[in-house]
Amino acid sequence: MNSQVAAVGAGVVGPAGTTVDGLRVVLQRAAGTLAELVTYPSAGADVTFLACSASDFEPENHFAPHELRRMDRAHQLAIVAADAALASCGPSPEPDRCAIVIGSGLGAPGYLQGQIAAFTLRGPRAISPMAIPIAMANSVAGNLAIRYGFRGPANTINMACASGSAAIGEAMWLLRTGRADRVLAGGVEAPITAGSAASFARMEAMSARLADPAAASRPFDRGRDGLVLGEGAAFVVLERAAPGAEVVGHVLGYMANSDAHHMVAPRPDGGAAAACMRGALADAALAADAIGHVNAHGTSTRLNDEAEASALRMVFGSRPVPVTANKGVLGHLIGAAGAMEAIATWAALRAGVVPPIANLAASDVDLNALSEPAPTDSPYALSNSFGFGGHNATLVLG
Amino acid sequence: MTHIRDSVLNALEVVTGRERVGLTDDSRLNDLGIDSMDLLEIGAIVEQQFDVELDIDDFADIETLGDAIELFERLLVR
């Protein structure tokens, strides 16, 4: 193969701001979780939880009121990130050859909750005629296709928290197999809603460190007590790039598989996750020894951290491959996480410095988890994403 | 009837982001970029305002803004 799949543009909107360089700097600093307390009233007790918001993002600066009526926050975040990704590269080729692959976990939970509330209070006539076109799982993909006039396939991948990585991986295949010449790929999630937060909280999945938000998300640290929800969108423009072309980074390998074990708990030994990593390495025709660092899924939940550490030991053996995890800073962006972390991984490779894991004071897993920035001269990294449902996705990036 | 016309025009502004200035009864909905989903949304707003249920099941004859206003007036006074 004389051309590799490369990201030629990238755009982000999230807790670390609205630029790729800002994302890199904030992750490098790793000063703590970018979380704040969010409270929603409810019929019972108020719903109070920690969340990492895209606080720099003001939808009113980007959209007119009549446009906002027809969007969930997921649409807004996705459009602004996708606009930025496309603005940072050259003009698009023939529309029929332009495709879209989007990862999303929950779709449009905020909008849906509003519609259900209106229905409960005032009956079926209170539901907007636009409820289905806005709330359906493929709504963001359809909106983007219309916005950019992309007439190739527009796919929505739902692999929960692995969606963003899988979207980039599946987009890579559209290019490898010649089904498209340009693919807008990435992920979006807008889960900071009362319903989503209460639901995650009922699983006991969320950090309860309400008094100390900056210390709440702590992947691989013994003091972890759950994840912190985050919102955002991250998109890349993928193409088959000629060798030597200036790019954001390359997608060298991808693998997805399933634990086939439990809806929310990972397989404890990490066996399927390890197979996923090995498959991605084989796809990239690289040995594990070539990988300079790992951007771990690292959710800051005990079950994930232990299973992922076990999987990494299976793949890398006794070699202490440096491991970072962006969720210590960004929280868990669910369907956007993998795409945001892929962009962060490329930024780290370009800078030659792997960012540390925020809040990693004392690790309780046998892993070279970074508590300080680490220089890297390897051109290759591996990025993991694992999702509820037992979905695993690994990207090899360079 | 003036208040129905006003309500429809208000709803049109909310749904399309277009101001009513310059619109006439002869303005063609196609030219204004208003489709049947927009009309349904406009209907939903008007319906809520007047606290009635509008059975908007036939858009076939709606070509102009005047047609739309007339339809809503007919449905509301029925």
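These notebook entries record what I looked up in a predicted model of chains A and B.

**Ground rules.** I kept in mind that the model is predicted, with local features needing pLDDT of at least 70 and side-chain atom pairs counting only at pLDDT 80 or more, while totals for chains, interfaces and linings use all residues. Residues are numbered from 1 along each chain as its sequence is written, chains are lettered from A in the order in which they are written, and side-chain values use heavy atoms, with hydrogens and water left out.

**Entry: the contact between the chains.** I looked up contact (heavy atoms within 4.5 Å) and found that 14 residues of chain B and 9 residues of chain A take part. The buried area, meaning the accessible area (1.4 Å probe) that two parts lose on being put together, summed over both, is about 1,000 Å² here, and carbon and sulfur atoms give 45% of it.

Entry: Taking a salt bridge as a side-chain nitrogen of Lys or Arg within 4 Å of a carboxyl oxygen of Asp or Glu, I noted 4 between chain B and chain A. One salt bridge joins the side chains of A:R70 and B:D38, at 2.5 Å from N to O. On the chain B side, the elements giving two or more residues are α1 (2-16) and α3 (36-50) of chain B, and α3(B) gives the most, with 8 residues. By class, that side has 7 nonpolar, 3 polar and 4 charged residues, where Ala, Val, Leu, Ile, Met, Phe, Trp, Tyr, Cys and Pro count as nonpolar, Asp, Glu, Lys and Arg as charged, and the others, Gly among them, as polar.

**Entry: a sheet in chain A.** Helices (H or I, at least four residues) and strands (E, at least two) are DSSP runs numbered from the N terminus, and two strands pair if DSSP finds at least two bridges between them. I found 3 strands of chain A in an open sheet, in the order β2-β3-β7 with mixed pairing. Both β2 (36-40) and β7 (229-230) of chain A stand at the edges with a single partner strand, so one side of each is left without a neighbour in the sheet. Strand β3 (residues 47-52) of chain A pairs with β7(A) in the parallel sense over 2 bridges, and A:A51 stands opposite A:L229 in β7(A).

**Entry: a salt bridge within chain A.** Over all chains, I counted 21 salt bridges. In one of them the side chains of A:R73 and A:E231 meet at 2.8 Å, N to O. A:R73 lies in helix α3 (residues 73-87) of chain A and A:E231 in the loop between β7 and β8 (232-241) of chain A, so the pair ties together parts that are 158 residues apart in sequence.
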